[in-house]
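The sequence and the coordinates are shown first, and the description follows.

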Amino acid sequence: MVVDGARITDVREEAPAPGDMRLAGLVLPGFADAHGHAFHRALRGRTHDRGGTFWTWRERMYSVAARLDPDSYLALARATYAELALGGVTCVGEFHYLHHGPGGVRYADPNAMGAALVQAAADAGVRLTLLDTCYLAGGLDGSGHTPLDDVQLRFSDGDADAWGARVADLTEGPALRVGAAIHSVRAVPAEQLPRVVVPGRPLHVHLSEQPAENAACLAHHGRTPAALLAEHGALGPVTTAVHATHVTNDDIALLGGVRATVCACPSTEADLADGHGPFRALREVGCPIALGSDQHVQADLLAEARLAEYSERLTTGERGRLPPAALVDALTVDGHAALGWPEAGRITVGARADLVAVALDRPRTAGIDPAQAVLVAGAEDVHTVVVDGRVVVEDGHHVVGDVARLLADAIAPLWEDA
């Protein structure tokens, strides 16, 4: 592989020349983490002591959100993105709704929190798609949308027009693309949905993550969340439906009909006891499948791929529901396309020079068939990561230094006196 700047300019079979970098083991295109919330990393290992449900977990998530400011968010996101890079992630999709200060007070720069994420990705050496998220209501029940609570005021711009005006001030760059996101039909009233669709940009949405979301949408609108999005022009080939855990058969046909991408986040769906989405069925009707780490229960996209297949096995009693090649596509080309980087995710001339080298001589991987490595290897087996031609991880070490220390230093203050 010959690289000139950020692109692969040639792929040929020949002996390496002096000075060439040799990548041992299995070399894959870079991984795309198609869905995540950087501030959720502070929750890892801190929410298992009270049981409960998604809704009780959410209260502890809100308590962390209430404590962050642009500086602490930069520190946390930088460490989070660096940890993802250690596991082979070269592009992050950040579902960003923590926009404003406490009580919804605007920072001098209304995009200060987004700017912190952009800087964090640059420091960690990964590309970023900032999925700026519209969040306008506190929830949804049979009578309609409920008001924002005190923490949710930080998430809201007031209406979709104000959200769009703020997003219009974000400037893309060589390693940054800006997409749009609808937090959920719970958080964006139906009449506001069309205003969040930005032509030419990716559109992501939490979809049918919880049975309660479906029930509320049916009670108020008389249709499922997927049908509501379709009715208001928010479902199409640039849409990525995140989770899709509780979609109906009609929803599956609807998503497949427009070739919407579905992003599976298996470790989060398991951690929050959400359930497992019908990913094989969605893929069969034409939906590309992407993968996300979501709340960063683990920073291991290879493990997310494995969990997606294993969950299918557990619910169907069949193996090979998502074969290795399909999982590699989810990790690479389909994930990048969902984030607006169609030129990434392949090892071919003209593609982004993103490479992930996976060791095949570790105890976990010794003796395996490399074609099945995606169902065996983990983040710890990634030893070298190249992003846009730059070596970001070498011999398992990130260029920012001690990632564990960065994480500990960023997270500890968020739990003081909590």
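Asp294 is buried, with a relative accessible area of 4%; buried means under 20% relative accessible area, exposed over 50%, and partly exposed in between, for a 1.4 Å probe and protein chains only. Asp294 belongs to the loop between E13 and H10, where helices (H or I, at least four residues) and strands (E, at least two) are DSSP runs numbered from the N terminus. Although Asp294 is not a glycine, its phi is positive, at about 50°.

The model is a predicted one, in which local features need pLDDT of at least 70 and side-chain atom pairs count only at pLDDT 80 or more, while totals for chains, interfaces and linings use all residues. Residues are numbered from 1 along each chain as its sequence is written, and side-chain values use heavy atoms, with hydrogens and water left out.

**Loops and a buried strand residue**

Ala299 also lies in the loop between strand E13 (289-291) and helix H10 (301-316). Ala299 is buried at a relative accessible area of 12%. Contact means heavy atoms within 4.5 Å; apart from neighbours within four places in sequence, Ala299 is in contact with Arg44, Glu83, Leu84 and Ala379. The C-alpha atoms of Ala299 and Gly87 are separated by 6.7 Å, with the two residues 212 residues apart along the chain.

A positive phi of about 50° is also found at Asp388, which is not a glycine. Asp388 is placed in the loop between strand E15 (382-387) and strand E16 (390-394), and with 18% relative accessibility it counts as buried.

Thr90, in strand E5 (residues 89-96), is buried with a relative accessible area of 0%. Not counting residues up to four places away in sequence, Thr90 touches Gly30, Phe31, Val126, Arg127, His336, Asp354, Val385, Val386 and Val387.

A nonpolar core is a set of buried Ala, Val, Leu, Ile, Met, Phe, Trp, Tyr and Cys residues joined through side-chain atoms within 4.5 Å. The largest such core has 119 residues, and Phe39 and Tyr81 have the most contacts inside it. Helix H2 (residues 70-86) supplies the largest share of this core, nine residues. Residues up to four places away in sequence aside, the residues that Tyr81 touches include Ala38, Val92, Leu117, Ala120 and Leu128.

The axes of H2 and helix H3 (residues 112-124) come within 8 Å and cross at roughly 35°. Axes are lines fitted to C-alpha atoms, for helices over the stretch in contact, and angles run from 0 to 180 degrees between N-to-C directions. Among the residues of H2 that meet H3 are Tyr73, Leu74, Ala77 and Tyr81, and the H3 residues include Met113, Ala116, Leu117 and Ala120.

**Helix H5**

The buried residues of H5 are Glu213, Asn214, Ala216, Cys217 and His221. Seen down the axis of H5, these residues fall within an arc of 165°, so they line one face of the helix; the arc is that of the directions from the helix axis to the C-beta atoms. They pack against strand E7 (139-141), strand E8 (144-146), E10 and helix H6 (225-231). Just after H5, Gly222 has a positive phi of about 75°.

**Salt bridges**

A salt bridge is a side-chain nitrogen of Lys or Arg within 4 Å of a carboxyl oxygen of Asp or Glu. By this rule the count is 23 salt bridges. Three of them are tabulated.

| Salt bridge | N to O distance |
|---|---|
| Arg195 and Asp161 | 3.4 Å |
| Arg186 and Glu213 | 3.8 Å |
| Glu284 and Arg280 | 2.7 Å |

Arg195 lies in the loop between strand E9 (176-182) and strand E10 (203-207) and Asp161 in helix H4 (residues 160-167), so their pair ties together parts that are 34 residues apart in sequence. Arg195 is partly exposed, at a relative accessible area of 40%, and Asp161 is likewise partly exposed, at 48%.

Glu284 and Arg280 both lie in helix H9 (residues 279-284), four residues apart, about one turn of the helix. Glu284 is exposed, with a relative accessible area of 56%, whereas Arg280 is partly exposed, at 22%. Salt bridges that share partners also join Arg127, Arg177, Glu343, Arg352, Asp354 and Asp388 into one network.
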